[in-house]
Amino acid sequence: MKVKTDVDITHELTFHVPAIASRYIEVKDDDQVRDALSFGRKEGLNILILGGGSNMLFHSDFDGLIIKIASSGIEVINDDGRVIEVVSEAGEVWHTFVMQTLERGWGGLENLALIPGCVGASPMQNIGAYGVEIKDVFSWLEAINIESGKLVRFDLEDCKFGYRESVFKLDEKDKWVIVRVAFTLDRQSELNTGYGSLESELSKISNKKITHFDVANAVVKIRNSKLPNPAQLGNAGSFFKNPVIEKEVFASLKLRYPDIPNYSQIDGSVKLAAGWLIDQAGWKGHSRGTHG
């Protein structure tokens, strides 16, 4: 294990805001994770786990230990000819992993293409896009307890997934390092194409059967049209959480704004579109020079 000091992490963050870490360790397997955690505890350092750096906004240098998850590897552990259970190490780049599954003919992750970050972060907030969430294809994950170093497996129920929520943001926050995630994918999975802009983009394809790859490519095209490339302009992708409101509140809004985008939920509540709300409030494109 190599401990680095005063490391510039600016280019590991999609915002590209300048930041220096006083201590920095890159880990590639479970034992290195444990060793790094042990070092941090013994030295009395603040510990921060860093994956793809797409949800980190530093306002100053970090006086502590950054543990960079750099593990790699993808393994199929079950395959019945149609349904596949595949395990990815936490450090794999999410979009690369998604495209690799599609290249192998495995459906399920196509709507989640081009989301920035690493695989290990995907269950943290139950990432989702265009009608699909991680929980829809999640099998299990393994995580190392920060205090004890014990490896524990969490299944779907254990993770308590909700809308952009999981147990790792709630009761178990800051207690675990996710080291690998398993997904159940399907060579014949149904396509989820009913989400507004996605349906519109796919309608441009004619004279052929829509494939999982087509859906992923449409998602990539939509995302590229809406979001700047972090390499050119620092950003964290689409990170706003759509508000969910009571149906009575929505009814009053509908009277004032007949065209308000909305998505009915199973419990009777209604999800609104944060992007639409931001636009209506006049904040879309707002700039303060150095940030916007």
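Where is Asn126 placed? Asn126 lies in the loop between helix H2 (94-103) and strand S7 (128-129), where helices (H or I, at least four residues) and strands (E, at least two) are DSSP runs numbered from the N terminus.

The model shown is predicted, so that local features need pLDDT of at least 70 and side-chain atom pairs count only at pLDDT 80 or more, while totals for chains, interfaces and linings use all residues. Residues are numbered from 1 along each chain as its sequence is written, and side-chain values use heavy atoms, with hydrogens and water left out.

**View A. Asn126 and its backbone angle.** Asn126 has a positive phi, near 50°, in a residue other than glycine. Most residues other than glycine have a negative phi. Asn126 is buried, with a relative accessible area of 0% (buried means under 20%, exposed over 50%, partly exposed in between, with a 1.4 Å probe and protein chains only).

**View B. Asp6 in strand S1.** Asp6, within strand S1 (residues 4-8), likewise is not a glycine and has a positive phi of about 50°. Its relative accessibility of 57% is why Asp6 counts as exposed.

**View C. The open sheet of four strands.** The strands follow the order S1-S2-S4-S3 with mixed pairing, two strands being paired if DSSP finds at least two bridges between them. S1 and strand S3 (47-50) are the edge strands, each pairing on one side only.

**View D. Strands S2 and S4.** Strand S2 (residues 20-27) and strand S4 (residues 62-69) run parallel and are joined by six bridges; Arg23 has Leu65 in S4 as its bridge partner.
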